[in-house]
Amino acid sequence: PMQALDTVVDFSLVDTFPSFKNCDSIFDTTQKSDCFRKTIHLKIGKELEKYSFTIKDSLSETVFVNLRISSKGKVFLEEVQSSEYCRMQLPELDSLLLLSIQNLPTMFPAIKRGIPVTTRYQLPIVIQLKE
């Protein structure tokens, strides 16, 4: 019996990066991966803008959001890496990120040797809030 490829392939080693519908007509690999990055940032940023955060002190920090993009093009939140301070200031950030990721449109998965594969992607999000 054939074994399903369930291993996670390194994002930089795939033949074709995951991609959104709006990036589909781009054939240049660098431009295509830029389009993917810009689109995912934009979409998650737009979702986060819907919420107003109230904080006691100002906050400026980069949070790393670890995503898994399945071979079916579905995105899962694996982990949010943020400082203790950020978590204290914004306890709701993780659940809001989870929501905004669930609202992402389905994408085309990464392709390795002609087969759709699961990849991991780390999305840096800069959070700048003033009191």
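# Close-up views of a predicted model

**Figure 1. Contacts across the chain.** Of the contacts in the protein with a separation of 6 or more, 72% are between residues 24 or more positions apart. The model is predicted. Its secondary structure comes to 3 helices and 5 strands. From the N terminus on, these elements run β-α-β-β-α-α-β-β. The C-alpha trace spans about 55 × 35 × 20 Å along its principal axes.

Figure 2. The protein has 131 residues, and buried residues make up 37% of them. The accessible surface comes to about 8300 Å². Carbon and sulfur atoms account for 54% of that surface. The protein carries 16 positive and 16 negative charges.

**Figure 3. The stacked pair Phe20 and Phe36.** The count of aromatic pairs in the model comes to 2. One of them joins Phe20 and Phe36, and this pair is stacked. The ring centres are 5.6 Å apart, with 20° between the planes. An angle under 30 degrees counts as stacked. Phe20 lies in the loop between β1 (8-9) and α1 (29-49), whereas Phe36 lies in helix α1, so the pair ties together parts that are 16 residues apart in sequence. Both Phe20 and Phe36 are buried.

**Figure 4. The edge-to-face pair Phe36 and Tyr121.** Phe36 also pairs with Tyr121, here edge-to-face. The centre-to-centre distance is 5.1 Å, and the planes stand at 75°. This pair links distant parts of the chain. Phe36 is in helix α1, and Tyr121 is in strand β5 (residues 115-129). The two residues are 85 residues apart. Phe36 has 0% relative accessibility and counts as buried. Tyr121 is buried too, with a relative accessible area of 8%.

**Figure 5. The aromatic cluster.** Phe20, Phe36 and Tyr121 form one aromatic cluster. Phe36 takes part in the stacked pair with Phe20 and in the edge-to-face pair with Tyr121.

**Figure 6. The disulfide Cys23 to Cys35.** The structure holds 1 disulfide. It joins Cys23 to Cys35, with an S to S distance of 2.1 Å. The torsion about the S-S bond is about -80°, so the disulfide is left-handed. Cys23 lies in the loop between β1 and α1, and Cys35 lies in helix α1, so the pair ties together parts that are 12 residues apart in sequence. Both Cys23 and Cys35 are buried.

**Figure 7. Cys86.** This view shows another cysteine. Cys86 is buried. Its relative accessible area is 1%. A residue is called buried under 20% relative accessible area.

**Figure 8. Arg113 and its positive phi.** Arg113 sits in the loop between β4 (110-112) and β5. Its phi is near 50°, a positive value in a residue other than glycine. Most residues other than glycine have a negative phi. The relative accessibility of Arg113 is 69%, so this residue counts as exposed.

Notes
Residues are numbered from 1 along each chain as its sequence is written. This is a predicted model: local features need pLDDT of at least 70, side-chain atom pairs count only at pLDDT 80 or more; totals for chains, interfaces and linings use all residues. Side-chain values use heavy atoms; hydrogens and water are left out. Helices (H or I, at least four residues) and strands (E, at least two) are DSSP runs, numbered from the N terminus. Buried means under 20% relative accessible area, exposed over 50%, partly exposed in between (1.4 Å probe, protein chains only). Contact means heavy atoms within 4.5 Å. Accessible areas come from the Shrake-Rupley method with a 1.4 Å probe; for residues, only the protein chains shown count as cover. Lys and Arg count as positive and Asp and Glu as negative; His and the chain ends are not counted. The place of a charge is taken as NZ of Lys, CZ of Arg, CG of Asp or CD of Glu. Rings of Phe, Tyr and Trp (its six-membered ring) pair if their centres lie within 6.5 Å; planes under 30 degrees apart count as stacked, over 60 as edge-to-face and the rest as tilted. A disulfide is a pair of cysteine sulfur atoms within 2.5 Å.
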